[in-house]
Every structure is written in C-alpha cells, then in structure tokens.
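Please look over the sequence and the model shown here before reading on.

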Amino acid sequence: MSFLPKPKLHHPSLPKNALGYTRRDYEGSISTLCAGCGHDSISAAIIQACFELDIEPHRVAKLSGIGCSSKTPDYFLGASHGFNSVHGRMPSVLTGANLANRDLIYLGVSGDGDSASIGLGQFAHSMRRGVNMTYIVENNGVYGLTKGQFSATSDRGSKSKKGAVNTDEAIDLVGLALQLGATYVARSFSGDKAQLVPLIKGALRHQGAAFIDCISPCVAFNNHEGSTKSYDFVREHNEAVNRLDVIFGRDPISADYAPGEVREVVQHDGSVLRLRKLHADYDPTDRVAAMNYLQERKAAGEIVTGLLYIDPEPQDLHANLGTVAVPLNQLDDAALCPGAAALEKVNASLR
Amino acid sequence: MPQPISATNDFVVKFANVNGSGSASANQLFAKSILRMGVPIASRNIFPSNIQGLPTWFEVRVSGEGHLGRRGGVDLMVAMNPQTWDRDVAEIDPGGYLFYDSTKPLPQSKFRPDINVIGVPLTQMCNAAYTDARQRQLFKNIMYVGALSALLGIDPAAIEKLLGEQYKGKEKLAKSNQDAFHMGRDWALANLQCPIGLRLQPSDRVGNRIYVDGNSAAALGAVYGGATVCAWYPITPSTSLAEAFERWCRRFRIEPETGKKRYAIVQAEDELASIGLVIGASWNGARAFTATSGPGISLMQEFVGLSYFAEIPSVIFDVQRAGPSTGMPTRTQQSDVLSAAYASHGDTKHIVLFPEDPRECFEMGAQAFDLADRFQQPVFVLLDLDIGMNDWLCEPFAWDDSRRMDRGKVMTAEMLEAGTTFGRYLDVDGDGVPYRTYPGTHPSKGAFFTRGTSRDRFAKYTEQGAAYVDNMQRLLRKFETAKSYVPRPVEREAAQPARHGVIYYGSSSAAMKEALLALEAEGIHLDALRIRAFPFHDDVMDFISRHEKVFVVEQNRDAQLRTLLINEGSINPARLIPILHYDGTPITARFIRAAIAEKAPALNVVPLAGAAAE
C-alpha cells in the first residue's frame, strides 16, 4: 500500500452534511492493510455512517485492541481521539472512558482474535453491563498479523490456506451478545455496504450496548476455497432477514413496499429504524426467537445477516449506576471534595 | 507459681474466638472503651481465610507509652475457642492470666500451673437469661466484656456510652446490650477478686487522635482527592478499601438536587478489566483508581506498562499480603515493592508511595491522584494487611480547603484555539512532562492516537530507533522530575552522633520507633530514615552516604527495598544490612531490637562521642 499523505485540499463541489463537513473530514490516515482487505470497506462504511448522521468527528472516541482490525481506527475519523489499547482489552478501556464522559459517542473496533479469543471475557462483560457503545467486530476467522492461524470464530471444518482443517467449534459472537443482554445486535458483511452503513448508523444512534459482527474476508490468509469466511462463501450463504434504513422524522413510506413488508422501530433518541422485511416472520424485537432462528439457520449452513435484535428502550450502564447527568470528568473540586468541616465530623466519629 | 504479672496501662490481651460468632463487635467495644479512658492501644485481627467456623484472634496491646507496634507475648488470654485451647493456653506469659468460660468443667491437665486462671460460667449465665440461640451467642460476648471491665478496671460509663452511640435510635438494643454487659460485670464483682494485676488507669495520652483502619482512610483520601471512578475485583485484604469508597461516596458524593451519584463504581470481572477501566477513565479525564493485592498486581502487569508508556494516569492501591502465589492471603507482608516499582515488561519505573499509618493512607490516597495527573503514569500506594485491615490510633485527618486538584498539563480548547503547538509527547518545559488533551476537546485540533506502540513526539507511529530512544530518555527525565514532588523521607536523628543508620518504611514504622528507644537504652544509637516514596528523594542517598552501614528493615524475605536502593543509587550492597521479618505476622519492636543488637557488636556501634572520649 501507499504511504503517501493524503492531500488536504478538497474539491469545492464535494457534498456537505448538515454540519458543513464533507465526507473527507471523516477520513483518517491512509490504510496500511492489504489491498482488498474487508476491514477497509468497514472503515469506509463507518466514515459514510458518521457523515450521514452529521456527527461531529471530535465527539467520537474510537477505541480498539490489537490486531489488523484494531489498527483501523487510525484510518477513519482523524479528528477523533483514538486509543489502540491492549490485546483483547478494548472493552474495559472503553467502559472506563464511557464512565468518565457519558456525552461522547463510543466506537469500539475489534477483531475475532481480539474479542472471541483473548478478549472473550471482556467482550462478554461489556455486553452484560450495557455500556452505551457501538462495538464492531471485523470478523475474518483468522489471525492476519501473525500470518494465518485459525481464530476462535473459524468454523469447524473450515480449511486454512495451508490446508489444515479446523476441528474446534466456532464461537458465535452474535449468539453470545444476544444471550448476554446486548440491546442492538446485527450481523453484516464487509462486501455489502448497502446493508452495513445503515446498521452502523442505527448502532451509533442506539443508547445502549450495540454489537455488529461484520464478516470481513482476509484476502491474504482466508479467502480461499474451503474457507467459510471468503468473499465467495459469504456471498453464497448470506441470508439477510431485513434491510435497514435509519431516518429522522417520519418520512412517508415509499410505495415500493407491499403492506406488511416494512416495520418501524423508534429508538430512544427519536431516530427511526425502518426495516424492510426479507423474511415475513422475523421479529427483531423478540430476543428468544432471534436466538432460536440463528441456531436453526446456522445448522442449515446459512449466515444470517441484518438487524437481528433491537430493544428500542435500552437501559445503559450509567442508568444502572445512577450517575449524575454531568460527565464525571467535568466535576470540579466543589462537587468532589467534601472539605475540612466534613472531615472534622469524620474525625469526631472515629474517637 | 511465678509472681502474677502486675502492670498498669502496659499489657497485652488476646481474644481467641470462633469466626462468625459475633465476637468482633464485642472485642471492638473492649478496645474502644480503653481509648475512651485516654489510654493508647494497638489492636490487631489475626484471622484465617474463612467466613465461619475457623479460629480467629483479636489482640489488644495496651500501651500507656503509646507504642503502636505489635508487642508479642500475651498477659491475658480470653480463651473462647475450645478448638485452639491448647495453643492459646501455651501462649500466655508465665505469671499471666487465663480467662475462660467455666460452664463445662475441664480437667486439671488442660491448665498450666504457672498462670492465673479466671473462670466465668458464661454459657450457663446466658442460657439462664436468654432462650434464643443467637442471643445466647451474641450476649455471651458482651458478657465477657462486662467481666473484663471489672477485672481490669475499665470505666463502665465509657462502655455504656459506646453502646448508646453504637445503637443510636435503637434504644431497645442498646438497653439489652447494657444489661448483658452488667450481668457479666456484676457476676465478676461478686465472685472474683477484682481487679487483677493488670490494670487500667485513666490517662491523657490518646489526645485528639482517631482510631481507624487504613483501607477506610485510603478510600476517604480517594474521595478528597477527587476520584470519581473506582473499578475493582474482590481480593483480601483490599476489598474493604473499595467498599469503604462506596460508603464514603454515599455520604459525600450524592448530588443534592437529584440524588444521583457523582461517582461510578464497577466491580469488574477480574483485575485486568479493573485496571483497563481505570486507564480508560483516566484517558478521558476522570480520576480513577483500583484497589487490589499482590495477585492482582501480577495480573495487571501488561496494562501498567501501557499506562507508563502511553502516559495515562492510573492509581493503584495495593494492600499487600503474604506471597508468592496465593501465599498467606490473610497475613501481612511488604512483598510487592519490586513488582510495583518495576511493574510490566520492558524498561519501566513507577511512582510508589509507602504510608505508615491510616493518617498517611488518607494523605497519600489523595495525593496519589495529583501525582498521577501531574506525571501521567501509574502511581502505586502500598498499604499492607496490617495497616489496611486493622484499626490504628493515629493523628486526625486534616484538609486545607484552599487546596485544589492538580490536573497536571492538560491543553484546553482555548490554548489550542490560540495556536499553541500540541505534541502529545513533546517535552515543552524540559521536565519530561508533555501536555495531553482530553477526548472531545476541540473540533479540529488536539486529537491524537493513543497507542502502546512506539511513536514520535507528535504521537505518530514509528519504529525508528532514534525516536524510541528520545522518548525513553524523556520518560527517565520525567521520573527524575517526580523525585521532588513525591513525599520526602523523614529523618530522626539519634540522641548522640551515630556512625550507622537504619532505613524503614510503611507499617514497620510503629515497631521501629519503639525499637529505636529500646536500642538507645542499650547504648546503640542509630540515625533513622523513613522512606515514603519511590523514586527516592536525594535525601535518601545522602542519608546512606552519611553512614557507614545502614540497616534496612523490611517485611519480606528478599530485602526488596534494599535491592531497589542498591539498584537506583548504585550502593555497595555490603553497606546495607537487611533486617527481615516475613512470617506473616506484623513486625515487632522486640524482633527489630534483637536482630539489630545481634549484629551491632560486629559493627562497633558505639556512639561517636563515646568513642572519642576513650
């Protein structure tokens, strides 16, 4: 890949969003990942989603662990603070950051090694705490940076580039997220930007733990025949349950849809998730049904994608803890220090 | 039969109880009543890793002179646990006293001829007075306090007052406790010779001091220091620190208008997540800490390196216990000195504070946050089980209302707007400390990418050797700057000019002070230096250079502070003589005195003035 710096000059006719930013204002440094890497498509989708949602780039904190996927926050939202932390520990760092300032938007980017192997515990606990965040796993089923070892999301029977067959059961992060109480759960494919961008937008607008498992083929180590995370395999087995649009206000439903084909879910912040049903019976607000459906389709060899579960009125960690509305990092001495007189009373009670 | 021990305001009472029997509050009542008479005490819990059923002891050293270390030896044993009877009886000093429940007769062989036996039929009295099983158990404890008050001359008014305070608003409970207390007291007055040879006399030596445990004090320090985020994982002996933080916060940190919390406490899934939360919160501009013990420190190593290298503040209270591995989880040691000072892989050095008592736990508990923000790195506060989990008599907490949090070098939106150059790892002031920005500060300036990988002065990723070395050297410069910010060592000069010295720290302080007096009485004069922080202030190396030999008193096997001194000051190891106590019990003055006195003749520890006169 090229290491040339990107020119700062923008074409004057580039479209601007409501804040006056162009799409370029949401970009970061040039990617150092391999050409054709699925992760770069996800970065592009994040840029697109933030641009379309009119998010101020500096109000986003982007955090990651270690691995190819965890490098990507450098490649989008250059005006945001980023934190490339420790392998598998992004969830705890993000949770701490979120506690310190509830007013920012938290975007966690991780990979399958980072979240399903070394960081499975932290992944699980951040979900069950209901941290208000968008947590994207760029799932390629393989360790890229260390050159091709199986990860914990590799399917049993999947073949490595060198021909070895994976004998271990795969961890399904979507299944775990559903079980552990995530309130927005989606799966997508880096090769399907039309599906992915709205899912990211919905997640960024969600006021609770939002999880997106995004299958993202590794062109260097996991895009061959026999892999279940290759572009070809995922395209052939992709089974989308719905198509999502995120809108504000109630635009009239266009006449393209037949009655009963569209379902609207209003999120706590007023954003409307408009779901075009691809499977008539799929109800994305029914957690148990979603888990059953996923198990069933998995057994049939399909990869179910779309918005799989949504709780439009989630309760996040701050609500659970009962913290003040003012971000904790903005409280001053007067709010935090009880002072000498109070201390004298403490002393008196200890005699 | 040796002469019964006779002592006023100077003896040791040890209670042998069963864990979970409700004895703790009765023993606490006993201890506090002595304090209320103005007589200093030092009290210690000795307990196993267990919730209910195993033996537990509570030791009260009454010391009119105000010695607060553990003394060793037992003058009066209150033997309430049949399971440990034999070893408890064996522990009593000849001429000492054995207090026991005489309801069930015991064979003569169960006693010793050289001690004084005091039997009180506690169970029988309880069974006669109460029908409820739990009441019988609980009031038995209060009853022995009553009997002891008669035997030792404790002021009954002090006890009644304490019970009144304890059960404020629950008058019925206060009354029933007072009744049980008097039942025991009256029986003793009627049936026993009171008082015995061990006596209490009112004194004024307690003054306005307070009686509190180090964990509560450190937690209160964190409240005063402005901590808003606490992430922790339960581990003895640090658990009560996090719990105390929550207690203090409920009292001091509720927003009056809304009832909402100006703090967030997360019981994390493990110590890795705890320190991760702390680093995330500190990165985002909140003051955050974790409380843990040795095994937790081991687990946090990788993250501590990130905090050091990416320069993110973190405060870690380490209440040390006996290691290695699970070790003796309910016994005390100072054995994390090296693993804290040099925590993590690669070249690292961290600020470490060594409080001597709860008062300093409070002070350093608050100061740790200023240091962490100022130097943007981990700060360890090293308590130990002895300070952390025992109530100590100490100077009252103090706070200056004009004091403000020192948030260190934080570049604001205004500074960025004014065009100030921002390089996250740029040493603009020559002190090694760069500016940082909080996330979300400015729409287009001041954002940077935080990483554990090496980077240049402007936070750009690089693996160039020169940039890496430049950064590592700056980190050393920063550590050098910290020397003058951390608490300075405290020197105590010997009564006569001394050739040799002694260095000590943390919970060894009380025993050391007492040992110095005892050594002085024997003509062994030593200048003494109490180290309060790492990096070592220049005064420390100066002290060592001024003395031929320096004893280093520690509660670990491998002389960890001595190692740190030798390494950091390039000291000739032969000049530092280790005095090491590490069996898990708190160090005593007797031990220090004996260990130094044994080595003293070889060192010719004659006072310089005396030598000159010869």
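The model is predicted.

**A helix pair in chain B**

Helix α3 (residues 122-129) of chain B and helix α4 (residues 133-152) of chain B have axes that come within 9 Å and cross at roughly 125°. The crossing of the two helices, α3(B) and α4(B), is right-handed.

On the α3(B) side, the residues that take part are L122(B), T123(B), M125(B), C126(B) and N127(B). They meet R136(B), F139(B), K140(B), M143(B) and Y144(B) in α4(B). Sorted by class, this contact of α3(B) with α4(B) has 6 nonpolar, 2 polar and 2 charged residues.

**Where chain B touches chain A**

In the contact between the chains, 54 residues of chain B face 47 residues of chain A. Elements of chain B that give two or more residues to this side are β9 (210-213), α7 (214-224), β10 (229-232), α9 (271-283), α10 (294-309) and β17 (449-451). The most comes from α9(B), with 9 residues. The side of chain B that touches chain A divides into 32 nonpolar, 12 polar and 10 charged residues.

Strands of the two chains also pair: strand β2 (residues 81-84) of chain A runs in the parallel sense with β17(B) over 3 bridges. In this pairing, F83(A) stands opposite T450(B) of β17(B).

**Two residues of chain B**

Is F354(B) buried or exposed? F354(B) counts as buried, because it has 27 C-beta neighbours inside 10 Å and the cut-off for buried is 20 or more. F354(B) is found in the loop between β14 (351-353) and α12 (358-375) of chain B. Leaving aside residues up to four places away in sequence, F354(B) touches L382(B), Y505(B), G506(B), I531(B), R532(B) and A533(B).

V469(B) has its place in helix α15 (residues 465-482) of chain B. V469(B) is exposed, because 11 other C-beta atoms lie within 10 Å, and 12 or fewer counts as exposed.

| Pair | Apart in sequence | Apart in space |
|---|---|---|
| F354(B) and Q367(B) | 13 residues | 12 Å |
| V469(B) and P113(B) | 356 residues | 73 Å |

Notes
Residues numbered from 1 in each chain as written. Chains lettered and ligands numbered in written order. Predicted model: local features only at pLDDT ≥ 70, side-chain atom pairs only at ≥ 80, totals over all residues. Axes fitted to C-alpha atoms, helices over the stretch in contact; angles between N-to-C directions. Helix = DSSP H or I, 4+ residues; strand = E, 2+ residues; numbered from the N terminus. Left-handed = near helix turned anticlockwise from the far one by under 90°. Contact = placed C-beta atoms within 7 Å. Nonpolar A, V, L, I, M, F, W, Y, C, P; charged D, E, K, R; others polar. Pairing = 2+ DSSP bridges.
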